[in-house]
Amino acid sequence: MSQAPSRTVVVLAAGEGKRMKSATPKMLHPLLGRTLLGHVLHAAEAAEASRTVVVVGHKADQVRAHLAEIAPGATPVLQAEQNGTGHAVRIALEAIPEAAGTVVVLNADVPLLRPETVEALVAAHESARTGATVLAAEVADPAGLGRIVRGADGNLERIVEERDAGAEIRAIREINAGIYVFDAVLLREALGKLSTDNDQGEEYLTDVFGILASVGHPVGVYVAADARETLGCNDRAELARLRSLLRDRVNTAWMRSGVSILDPATTWIDVTVTLEPDAVVDQNSQLQGSTTVATGAVIGPDTTLVDTVVEEGATVLRSHSLGAEIGPDASVGPYSYLRPGTRLGRKAKVGGFVETKNAELGAGAKVPHLSYVGDATVGPKSNIGAGTIFANYDGVAKHHTTIGEAAFVGSDTVLIAPVEIGPGAYVAAGSAVAKDVPAGNLGVTRAQQRNIEGWTARKRPGTVSADAAARAASDSDE
């Protein structure tokens with residue numbers, strides 16, 4: 001049984017990306033759940049490399065910190081001065097002298113590249129045993145891009161940039177995608193022969209192909225199945241285009257796996273989200289981060305879920321959820337805000353204009369209207385009346401409120417934590433509760449009502465209220 005070839009991935013991420021006009025390095029701009037760099041590293045996993053090197057430069061500390069989060073096994077290598085792509089690859093290989101076999105070179109601003117394409121490119125290179133293989137794409141409009149010029153044998157003869165191309169070359173629609181695979185030994189030798197005798201005064205990686213060909217090592221060409229995979233990102237407009245293309249790719253894949261997306265053009269789903277068949281996502285919805293949506297759940301319209309778990313049969317309507325767990329057949333919204341630590345049990349309900357934070361609602365518990373529930377445990381089958389406030393913060397510390405099973409809290413109530421309402425207890429509407437209400441008791445804290453006769457006439461003479469009161473008094477005397 002033959003031994004698997006040794007492989008190294010080199011990702012070029014040192015550029016400043018001036019056209020982004022951003023304080024954030026271009027490679028760290030987000031795109032549906034990953035950064036540009038994160039997408040490329042994900043695609044690179046298909047190469048099954050034994051080592052991955054990321055060449056950093058502009059704002060290197062930020063890029064290193066991000067790399068430590070998303071790919072701690074990768075090795076960052078600093079290109080202190082950007083002296084070209086050939087220079088970048090050379091210092092990457094100098095940092096890992098043990099690299100042998102196959103070297104895959106990727107640009108960090110090609111986020112639509114699929115893992116399947118990387119895998120196929122590497123396989124094509126290793127089976128052909130060429131000195132290098134170039135990823136190409138056939139595009140309808142190649143303006144501004146380097147053209148692939150092939151020899152009679154179909155291998156690469158040269159790459160011609162548009163500024164150097166005549167009419168015949170400009171008519172070629174096969175372009176260089178800037179993604180390459182090399183034989184490591186031959187690459188090292190060729191990098192040592194690179195010159196800076198060019199317009200930019202830089203070491204061009206593409207010059208390696210001519211060097212290889214001059215000593216009899218052919219350079220193969222592998223054409224990507226979908227040219228959109230090779231699109232780069234240089235400014236915000238191109239980033240927006242890539243975002244739309246990735247949205248369509250993600251949504252199409254989910255719909256073909258059995259998820260209903262009612263308006264794909266207005267639905268944005270991160271690549272890190274998980275959906276089950278027969279989930280429904282309505283228009284103007286965003287699913288982000290580690291969100292999962294189970295079978296039969298209905299999301300939207302007009303809903304944003306971030307790092308949220310939605311279980312079978314639940315519904316979330318026109319709401320925003322961050323770090324919450326929504327149980328089976330539970331319902332949320334409209335216009336509610338679930339903050340981190342919110343957990344809803346089976347058939348629990350968070351209704352319209354409700355905010356929750358670090359709150360657990362048991363099975364069948366209800367908070368139907370206009371309430372704030374923070375730092376609380378609400379027992380199963382309990383009902384929280386409209387306008388109830390869980391006063392959890394005293395200006396220094398947060399405190400917890402516990403509502404027992406099947407308790408009933410009347411409307412317009414303030415529960416001043418820490419406080420406990422026992423199972424089956426009632427709290428009268430309009431109360432401000434600062435002491436525990438034992439199981440089965442009725443808690444009432446509002447003052448006894450008294451009516452001051454004639455107050456409006458004395459205190460608000462000449463107002464429409466005084467006139468209305470006078471007419472009512474006259475009518476009652478008749």
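**Group meeting: binding-site residues and aromatic rings**

Hi everyone, let's start with D109, which sits in the loop between β6 (102–107) and α4 (115–128); helices (H or I, at least four residues) and strands (E, at least two) are DSSP runs, numbered from the N terminus. Please keep in mind that this is a predicted model, where local features need pLDDT of at least 70 and side-chain atom pairs count only at pLDDT 80 or more, while totals for chains, interfaces and linings use all residues. Residues are numbered from 1 along each chain as its sequence is written, and side-chain values use heavy atoms, with hydrogens and water left out.

Is D109 buried or exposed? D109 has a relative accessible area of 14%, so it counts as buried; buried means under 20% relative accessible area, exposed over 50%, and partly exposed in between, with a 1.4 Å probe and protein chains only. Leaving aside neighbours within four places in sequence, D109 is in contact with residues including K26, V40 and N234, where contact means heavy atoms within 4.5 Å. The side chains of D109 and K26 are also joined by a polar contact of 3.0 Å. That term means a pair of N or O atoms within 3.5 Å; within protein, one must be able to donate a hydrogen and the other to accept it, and residues adjacent in sequence count only if both atoms are side-chain atoms.

Now for the record: in an unreviewed entry, UniProt lists D109 and N234 under "binding site". They are spread over 126 residues of sequence, yet they cluster in space, with a largest C-alpha distance of 8.0 Å. UniProt positions are in the numbering used here, feature names are shortened, and annotations may be inferred rather than shown by experiment.

N234 lies in the loop between β11 (219–223) and α8 (236–256), and it is partly exposed at 25%. Again leaving aside neighbours within four places in sequence, N234 touches R19, M20, K26 and D109.

On to the rings. The structure holds five aromatic pairs; rings of Phe, Tyr and Trp (its six-membered ring) pair if their centres lie within 6.5 Å, with planes under 30 degrees apart stacked, over 60 edge-to-face and the rest tilted. Y180 and F182 have ring centres 6.1 Å apart and planes at 55°, so that pair is tilted. Y180 is buried at 6% relative accessibility, and F182 is buried at 0%. F408 and Y426, by contrast, are stacked, at 5.2 Å centre to centre and 20° between the planes.
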